[in-house]
Amino acid sequence: MDSSHKRVSIHWVKGILAAAESLGINPQQILSELKLNLDLDKNVPAYLSLDQTQDIWNKAETLSGHDYFGLRMGQRVRPSYFHAAAYVAMTSSNLLESYKNFTSYLPLISEGAVLKLCYEGDQVWLQFTPKPDNKPFSRHQHESVMALLVAFSCWLVGDDSIKPSEVYFYHNA
């Protein structure tokens, strides 16, 4: 893989493929159609390029035909999709510290976005900013991040009732 391109962990790619599989799509069909040879059991290669990952997203979205593929993926998040970043977050002393740690380790999961934690008083907000190489992020990718942040927060604190008070999506007019 060309080192000038951003990288994405195979663990995150496995999350995308798991979402596709939950909708009845064989992950190997996606990989075959894209001519990608991955050993998902051995996590080889450890990283794919961001553009390869964008191709996997696109193929999974297309084959699923599901209008809310990204939301489904985000809601079905598992800590293993975040690998080391999740383990650091899980061992933090509180949710604020957990997010600070998670955002600092995010490049281990994906170099394709920046997640920024902001807070003032008892208000906390997260800003997700995609940093694509050549292929833009789809709507499904943005939705998956928002859904997975809520799901992961619920998982971290052991409370399924956490709900964001507001969600904003910025896009070109």
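**Exercise 1.** Is K135 buried, partly exposed or exposed?

*Solution.* The model is predicted. Step one: take the relative accessibility of K135, 30%. Step two: apply the cut-offs, under 20% for buried and over 50% for exposed. K135 therefore counts as partly exposed.

**Exercise 2.** Which parts does the salt bridge between K59 and E33 tie together?

*Solution.* Start with the contact: N to O is 3.1 Å. K59 belongs to helix α3 and E33 to helix α2, so the pair joins parts 26 residues apart in sequence. K59 has 22% relative accessibility and counts as partly exposed. E33, with 39%, is also partly exposed.

**Exercise 3.** Work out how R139 and E143 are placed in helix α7.

*Solution.* Their side chains form a salt bridge, 2.8 Å from N to O. The two residues are four apart in the helix, so about one helical turn separates them. R139 is partly exposed at 44%, whereas E143 is buried at 13%.

**Exercise 4.** Check the span of helix α1, residues 10-22.

*Solution.* The helix has 13 residues. The expected span uses one less than that number, times 1.5 Å. This gives 18 Å, and the end C-alpha atoms are 18 Å apart, which agrees.

Notes:
Residues are numbered from 1 along each chain as its sequence is written. This is a predicted model: local features need pLDDT of at least 70, side-chain atom pairs count only at pLDDT 80 or more; totals for chains, interfaces and linings use all residues. Side-chain values use heavy atoms; hydrogens and water are left out. A salt bridge is a side-chain nitrogen of Lys or Arg within 4 Å of a carboxyl oxygen of Asp or Glu. Buried means under 20% relative accessible area, exposed over 50%, partly exposed in between (1.4 Å probe, protein chains only).
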